[in-house]
Amino acid sequence: MVEIRSVHKKFGSLEVLRGIDLAVRPGEVTVVIGPSGSGKSTLLRTINHLEKVDRGWISVDGTLVGYRRDGDKLYELREREVLRQRTKIGFVFQNFHLFPHLTVLENIIEAPVSALGRPRKAAVAAAEKLLERVGLLDKAAAYPAQLSGGQQQRVAIARALALEPRLLLFDEPTSALDPELVGEVLDVIKDLARGGTTMIVVTHEIGFAREVADTVVFMDEGRVVEQGPPADVLDHPVQERTRAFLSKVL
């Protein structure tokens, strides 16, 4: 489903990604952990071309992201073509990014109606099913400011699902939440995992990684240091840098 090959990314003189190679199979959950500044969020943003790669390439569901290939060269797609690709790659941000002037229901139907041209009636029916799935059907007419952080993040997940993406990306989805609200968001993500949704999740929640991940990826200084099943990476890490990190967070 996702293939990342030799991806490099710089911001000025700062090299944030230093040759990332990663593969995610359909239906798998890949959890990315690592210290702050290790490049985790930048990696996610390159997967849906919110950040352009400097070298290397990424494909999702067999299609190059952000570029077309002509011989040995890559040419960047027009913005309209990139936006079309993004409809198949859902992104849930740590700070929700809901439209404050729209109700919960309106937030969810906005993209299906405006980006995909779906009839409003059908989009509303689908949105109501998604709200029921995340336990918020009773909040359809509420505005984001009337919701808790955990509720806003669950709405953000429902909004991402409304486009029926092939892949879901989560960038530290619980880091902006009060501790007592973390569980309600993780429960929704766990339910998606049980349903076979392909996901890449950047998180500091090691217990969640242990429970849900098919593959855990440990990043540091823009590189993949170690990856494998949770039991291997979290309980029996091979690399000293992985062991040092886990000793501070477990």
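**Sheet and helix packing**

User: Happy to start with the open sheet of four strands: in what order do they run?

Analyst: In this predicted model, local features need pLDDT of at least 70, side-chain atom pairs count only at pLDDT 80 or more, and totals for chains, interfaces and linings use all residues. Residues are numbered from 1 along each chain as its sequence is written, and side-chain values use heavy atoms, without hydrogens and water. Strands here are DSSP E runs of at least two residues and helices are H or I runs of at least four, numbered from the N terminus; strands pair if DSSP finds at least two bridges between them. The open sheet has antiparallel pairing, and its order is 2-1-4-5.

User: Over how many bridges do strand 1 and strand 2 pair?

Analyst: Strand 1 covers residues 2-11, and K9 has L17 in strand 2 as its bridge partner. The two strands pair in the antiparallel sense, and the count is eight bridges.

User: Nice. Are helix 5 and helix 6 roughly parallel or roughly antiparallel?

Analyst: The axes, lines fitted to C-alpha atoms over the stretch in contact (heavy atoms within 4.5 Å), come within 8 Å for helix 5 (residues 149-161) and helix 6 (residues 179-194), crossing at roughly 20°. Angles run from 0 to 180 degrees between N-to-C directions, and those under 35 degrees count as roughly parallel, over 145 as roughly antiparallel, 65 to 115 as roughly perpendicular and the rest as oblique. Therefore helix 5 and helix 6 are roughly parallel.
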